[in-house]
Amino acid sequence: MIYMDNGATSYPKPPEVAETLIDAMANYCANPGRSGHFMAARTAHEIYKTRLAIAYLFHIDDAGQIIFTKNCTEGLNIALQGILKEGDHVITSSMEHNSVVRPLHMLKAKGVDTHFVQCDASGCIDPAKIKEAINDKTRMIVITAASNVTGTKMPLAEIGRIALRNGILFLVDAAQGAGHMDLDVKKNHIDILAAPGHKGLLGPQGTGFLYIRKGIETTPLMMGGTGSYSDQAQQPADFPEGYEAGTVNAPGIIALGAAIRMINKIGVDVIEEYERRLTEKLQKGLESIPQVVLYGPQDTHEKTAVIAMNIADLDCEEVAGILNDSYGIAVRAGFHCSGMAHKTIGTENRGCVRICPGFYTGEKDIESVIAAVKRIAAEDAR
Ligand SMILES: Cc1ncc(COP(=O)(O)O)c(C=O)c1O
């Protein structure tokens with residue numbers, strides 16, 4: 001199978017991910033933070049190494065402010081539901097995933113008001129519109145690092161500066177950015193960063209993290225099972241354990257560490273450029289097919305490795321089905337959990353096919369996808 005669904009989760013994973021996971025499970029993985037024996041201490045140490053690898057990649061000063069979650073959605077929910085209060089105003093974009101849109105929708109009933117800044121048809125946001133939307137109740141700006149529909153990169157540094165100057169918290173949904181582009185929390189003035197471990201960070205599913213800058217008042221969503229302060233009924237307020245209720249996914253987190261250490265060694269800038277060149281080749285190839293309609297920025301420097309397309313009037317699910325059944329190519333079709341993004345790019349009535357190369361995609365894979373789309377388009381035109 002030619003795997004082009006890296007926007008959903010990355011595949012394959014680096015070999016050291018499975019090796020590290022199996023080693024942990026076979027040789028030492030106990031419950032960290034509960035007991036004092038050697039195995040528990042080793043597990044806690046290995047988990048701490050993953051925190052350090054994340055801190056290094058995202059330029060986070062205090063690794064203790066990194067909470068492990070089971071995915072990006074959990075991190076976004078902890079941040080949105082744990083920080084926002086009645087009367088707060090939030091600014092976000094029309095390109096957000098429903099992992100942001102739905103918690104904000106739920107918070108509306110609790111008196112949290114959201115303003116959606118309209119992006120243009122390529123999914124690009126004008127930071128001036130964010131500035132205009134600020135009022136004296138604005139507590140947070142929430143923006144995706146890159147759209148999961150079109151790959152459009154958001155101007156994070158500029159938005160971060162606006163947030164900083166106005167004393168507003170800046171939360172970034174790094175689901176499509178982490179491991180694919182530089183996400184320096186300091187350079188971009190990011191206060192809160194939620195990321196999955198299983199996409200661009202190349203770790204196992206069931207992993208993710210949330211960074212919350214020290215000093216931001218937050219309430220955990222889940223209570224109990226921290227292993228510390230066992231005599232107290234109240235959930236400890238300490239980071240990170242107060243926010244990691246219950247036994248964590250220790251083998252997954254340890255294996256995620258192996259993946260991130262590999263990314264740190266290679267350099268995220270090198271990965272970004274490699275994926276950009278693949279995307280450029282794919283985009284150029286698809287552009288040359290007259291029946292293909294492409295969405296999102298044309299300049300591949302302005303996007304991550306995500307191609308959104310349709311072929312003439314063909315149903316996108318049908319195209320994905322043909323690619324799977326006849327060509328062994330795995331893509332995703334439909335609305336990609338982002339109804340508003342489809343309205344923004346004009347595909348609200350049909351969705352699109354999303355093709356996402358990744359770290360392990362080769363040039364030959366790209367050529368196979370272009371050839372397959374060419375044949376599907378030609379057969380449809382007959
Ligand atoms: C932009 C964006 N945000 C959030 C998520 C949710 O991530 P997860 O599946 O890890 O919860 C995704 C997943 O596709 C995404 O693309």
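Biologist: In which loop does His59 lie?

Modeller: This is a predicted model. Most residues other than glycine have a negative phi. His59 is not a glycine, yet has a positive phi of about 60 degrees. The loop that holds His59 is the one between helix 2 (38-58) and strand 2 (66-69).

Biologist: What is the omega of the peptide bond from Tyr11 to Pro12?

Modeller: Most peptide bonds are trans. Pro12 belongs to the loop between strand 1 (2-3) and helix 1 (15-27). The bond leading from Tyr11 into Pro12 is cis, with omega near -5 degrees.

Biologist: Where does Pro240 lie?

Modeller: The peptide bond from Phe239 to Pro240 is cis, and its omega is near -10 degrees. As for its place in the chain, Pro240 sits in the loop between strand 8 (208-212) and helix 7 (250-266).

Biologist: At what angle do helix 9 and helix 11 pack?

Modeller: Two packed helices are described by the angle between their axes and the distance between the axes. For helix 9 (residues 316-327) and helix 11 (residues 363-381), the axes are 11 Å apart. The crossing of helix 9 and helix 11 is right-handed, and the angle is about 115 degrees.

Biologist: Which residues of helix 11 make the contact with helix 9?

Modeller: The contact residues of the two helices divide into 6 nonpolar, no polar and 1 charged. Helix 9 contributes Val319, Ile322, Leu323 and Tyr327. From helix 11 come Ala372, Arg375 and Ile376.

Biologist: How many polar residues are in the shell around the ligand?

Modeller: The ligand is surrounded by 14 residues, and the closest are Thr73, Asp173, Gln176, His198 and Lys199. By class, that shell has 3 nonpolar and 2 charged residues, and the polar ones number 9.

Biologist: What percentage of the ligand's exposed area does the protein bury?

Modeller: The reference is the ligand taken alone, which exposes 390 Å². Of that area, the protein buries 89%.

Definitions and conventions
Residues numbered from 1 in each chain as written. Predicted model: local features only at pLDDT ≥ 70, side-chain atom pairs only at ≥ 80, totals over all residues. Heavy atoms only, no water. Axes fitted to C-alpha atoms, helices over the stretch in contact; angles between N-to-C directions. Helix = DSSP H or I, 4+ residues; strand = E, 2+ residues; numbered from the N terminus. Left-handed = near helix turned anticlockwise from the far one by under 90°. Contact = heavy atoms within 4.5 Å. Nonpolar A, V, L, I, M, F, W, Y, C, P; charged D, E, K, R; others polar. Near = heavy atom within 4 Å. Areas by Shrake-Rupley, 256 points an atom, 1.4 Å probe, with all protein chains shown as cover.
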